[in-house]
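Please look over the sequence and the model shown below before reading the briefing that accompanies them.

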Amino acid sequence: MFHALYTAASGMTAQQINLDNIANNLANASTSGFQSRRVQFSDLLYQSEVMPGSAATQQTTYSSGLQVGLGTRPGNTEIIQTQGDLSSTGNPLDFAIEGMGFFQILLPSNQIGYTRAGSFQTNAQGNLVTANGNTLQPAITIPANATNVTVGSDGTVSVTLPGQTNASQVGVIQLATFANPGGLNSVGNNIYLPTTASGDAVVGTPGGADGLGTIQQGMLEQANVNIVDEFVNMILAQRSYESNSRVVKAADEMLQGLNQVAQ
Amino acid sequence: MDSGYYAAATALASRTQALDTIANNLANASTVGYLAQHNVFSSVLAAAGSPSGSPVNQAINNYGILSGTTLDMSQGAMQKTGNDLDLAIQGPGFFVVQTANGPVYTRNGSFQVSGKGQLITSAGDPVMGDSGAITMLPGPVSIGPDGTISSNGALAGKLKVVQFPAGTDLTSAGESYYAAPPHTAKDSTDSSVQQGMLESSNVNPVAGMVELVTAQRSAEMMQHALSMFNAEIDKTASQDLPKVS
């Protein structure tokens, strides 16, 4: 049978997954700390009917081979690591990371999760927690009577207590990086978990030369989704799907014609 | 026997093979670093080697077959991604990747860093530098046009970029990898590496659709030819021949 039918079907399946990914990127365009993903495709195996350079006769070789490819497959979805825009919120417990680092948070499963969404609040004990109630690690406690909270670009958290003129330090926010952040596992709620592909977290203090970045207080990082790019990709995905379906139609019509010859 | 019948059948078979290549190009229109394949048709003489007799004899025994596929080596469109480890090659070069089956070459520069800190392709194979696999240093990565990789001013290595003499037979190996005959890869002098960009496949969808329509219509013509031979032979065999006796 024609390979073309299956080859085109592989192209259509790949574009469906591409569109699913674009839809997720667009749906999260307003999720702060969201990092968009991109689907990578790779070509499938080739059927070599004539290998290039194989002998045509004793004296000559074929100048080009005859290799028929069998289609495409979605290879992986890679996390795009570009910096999202920082928007000023004025909330002293909103932190944005300018750099490659991730906040560490303690998940209910006692695992450490990693996120770039820096919208924190305090819980009943005064600990800094995410909107889902997961505690920032290492834990930082803001006294209930603090009148002012200041976070330096190096992660130093200091508070001013009533009746005191000098701010006192209550902790340092630490950030984590990965050898391969593109290989992190997204588990929803803006949380990533490390995998063998991403490597183990390397924890450090912000502001250094190791690429962790700096912390900006009163700011949130917007999703790094580029709406224009996503729309362009959406058009390309749709047109590519169409051209593949056109191949299915052509293969079908050729088979139909062949059947008529035999009548 | 009617040699034209076999000529038409051969041509029809070659058009269906051509459709397979066209389908593969269109299916890989979104594969980064994919090089489009072109079909090469050629004619074979049914009685190759023997003297070709009259020109008429030569014409009716000349069959069209799909003899090969060649790779389109033209530059694909550059697509900005912003990822520091996305690299595109401007010019004829290829990155060198070490696989279990020896070195392969790719223009897909969507690289990552492995858990062990090595620069790898999205399929997980190490990317080669001038002195073997490249171990990345911590910190932001900057890659120069000559392939020099540095982090915070410290040198991590230099990407090996090679090119092939015109006419080298590259073999597609899947995963946007290409294999080449031994000793053909030479250090590329006229390629530059662009950081934060990827090269889209160089498939031209317009040309692809035109080839698709051509292959389809050409197949239809061959089908008509076959039908006519069929009808003629049928007629001769079932209606005319019995009348002789």
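This is a predicted model: local features need pLDDT of at least 70, side-chain atom pairs count only at pLDDT 80 or more; totals for chains, interfaces and linings use all residues.

Residues are numbered from 1 along each chain as its sequence is written, chains are lettered from A in the order in which they are written, and side-chain values use heavy atoms, with hydrogens and water left out.

**The interface of chain B and chain A**

- Chain B brings 58 residues and chain A brings 59 residues to the contact, where contact means heavy atoms within 4.5 Å.
- About 4,400 Å² is buried between chain B and chain A, with carbon and sulfur atoms giving 51%; buried area is the accessible area (1.4 Å probe) that two parts lose on being put together, summed over both.
- Of the area that chain B buries against chain A, 12% is supplied by Asp20(B), Asn83(B) and Gln216(B), more than by any other three residues.
- Two salt bridges are found across the interface, a salt bridge being a side-chain nitrogen of Lys or Arg within 4 Å of a carboxyl oxygen of Asp or Glu, and Glu175(B) and Arg73(A) meet through their side chains in a salt bridge at 2.3 Å, N to O.
- On the side of chain B that touches chain A, the elements giving two or more residues include helix 1 (3-27) and helix 3 (205-244) of chain B; helices (H or I, at least four residues) and strands (E, at least two) are DSSP runs, numbered from the N terminus.

**The largest pocket**

- The largest pocket has a volume of about 1,100 Å³, a pocket being an open set of points on a 1 Å grid over the protein atoms alone where a 1.4 Å probe fits, with protein on both sides within 12 Å along at least five of seven lines, and lining residues having an atom within 4 Å of a point.
- Among the 47 residues that line the largest pocket, Asp229(A), Val232(A), Asn233(A), Leu236(A) and Gln79(B) are the closest to its centre.
- Helix 2 of chain A gives the most to this lining, with 10 residues.

**The second largest pocket**

- The second largest pocket has a volume of about 650 Å³, and its lining of 30 residues has Met100(A), Phe178(A), Ala179(A), Pro181(A) and Gly139(B) nearest its centre.
- Strand 18 of chain A gives the most to the lining of the second largest pocket, with three residues.

How values were computed. Grid points are joined across faces, edges and corners, and a volume is the space filled by probe spheres set on the points.
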